[in-house]
Amino acid sequence: MQAETVLDGDVLVILRHPPHGSSWLREGLDAALVAAAFGQAVSLLFQGDGVLALLQGQGPGPLGQKGTSATLDMLAMYDIESLFLDATSLARLGLSTDSLQLPVSPLEPPSIAALIAGHRLVLTF
Amino acid sequence: MRYALLVQGAPYSSQASHSALRFAAALLARGNRLECVFFYHDGVYNAARLAAPPQDEPHLVDAWVRLNEEHGTQLQVCIAAALRRGLLDEREASRHGKSGHSVEPPFELTGLGQLIDLGLGVDRLVTFAP
């Protein structure tokens, strides 16, 4: 049986934008890294197009923006290990957790509500 | 109750600043305290001291300054988001060898850590994004 997922923490950062085309995702991740550097227990929730950030094999490419793939690889170094995604968003995009670059726990809507309620501060990007 | 606002929309480009200012007026009218407005993402453009909107539109930058003068609300701007968008106070302008500055008090350039502290310290942090 799987261990019970912990849905509590200090700061929850919700990422709803895709990794390319705007700086929303990068600036959201920056907030998460700073919160972690300040000693807070940080959780991330990838929701909507935000789940696209987790797809494997993304580089900064020719777009001129730095991209976020490298930042995602640094999360563990910042002790950000509570990573969640909205299962409905992933299914809507026709993706499965097999194609993701990090181990992320898929959550159904009731658990997402519990996740949001379980954090003292929620920042939405 | 002690409130803070997080503004992430550029002035005039989106509704975010207008709504945030109306929300600020409403919460103050009910006797709450507005500790701070934090500007992040494109919201940093709200601190542009050179903003010169037409006279028949609300002057959003001045409206923030009034909030500070009348209610002591701090106006904090994420320095990393601001610098890359050309929003520099006098100190940063001179540090980067620029001939002019685009941010002045009561707006203060500060780090993202302030946003985290603020969010954990107030009763409510309300986000206004495009």
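Modeller: A:Asp79 counts as exposed, at 61% relative accessibility. Relative accessible area is computed with a 1.4 Å probe on protein chains only: under 20% is buried, over 50% is exposed, and in between is partly exposed. This is a predicted model, where local features need pLDDT of at least 70 and side-chain atom pairs count only at pLDDT 80 or more, while totals for chains, interfaces and linings use all residues. Residues are numbered from 1 along each chain as its sequence is written, chains are lettered from A and ligands numbered from 1 in the order in which they are written, and side-chain values use heavy atoms, leaving out hydrogens and water.

Back to A:Asp79. Its phi is near 60°, a positive value in a residue other than glycine. Most residues other than glycine have a negative phi, and most peptide bonds are trans. A:Asp79 sits in the loop between α2 (69-74) and β3 (82-86) of chain A. Such helices (H or I, at least four residues) and strands (E, at least two) are DSSP runs, numbered from the N terminus.

Now chain B. B:Tyr12 is not a glycine, yet its phi is positive, about 70°. Look for B:Tyr12 in the loop between β1 (2-7) and α1 (16-29) of chain B. B:Tyr12 is partly exposed, with 32% relative accessible area. Further along, a cis peptide bond links B:Pro105 to B:Pro106, with omega about 10°. B:Pro106 belongs to the loop between α4 (90-95) and β4 (107-110) of chain B.

Next, the contact between the chains. Chain B brings 17 residues and chain A brings 18 residues; contact means heavy atoms within 4.5 Å. Together the chains bury about 1,400 Å², 66% of it on carbon and sulfur atoms. Buried area is the accessible area (1.4 Å probe) that two parts lose on being put together, summed over both. In chain B, the most area is lost to chain A by B:His41, B:Ile116 and B:Leu120, together 39% of what that side buries.

There are two salt bridges between chain B and chain A. A salt bridge puts a side-chain nitrogen of Lys or Arg within 4 Å of a carboxyl oxygen of Asp or Glu. One of them pairs A:Glu27 with B:Arg85, their closest N and O atoms 3.1 Å apart. On the side of chain B that touches chain A, helix α5 (residues 112-121) gives the most, with seven residues.
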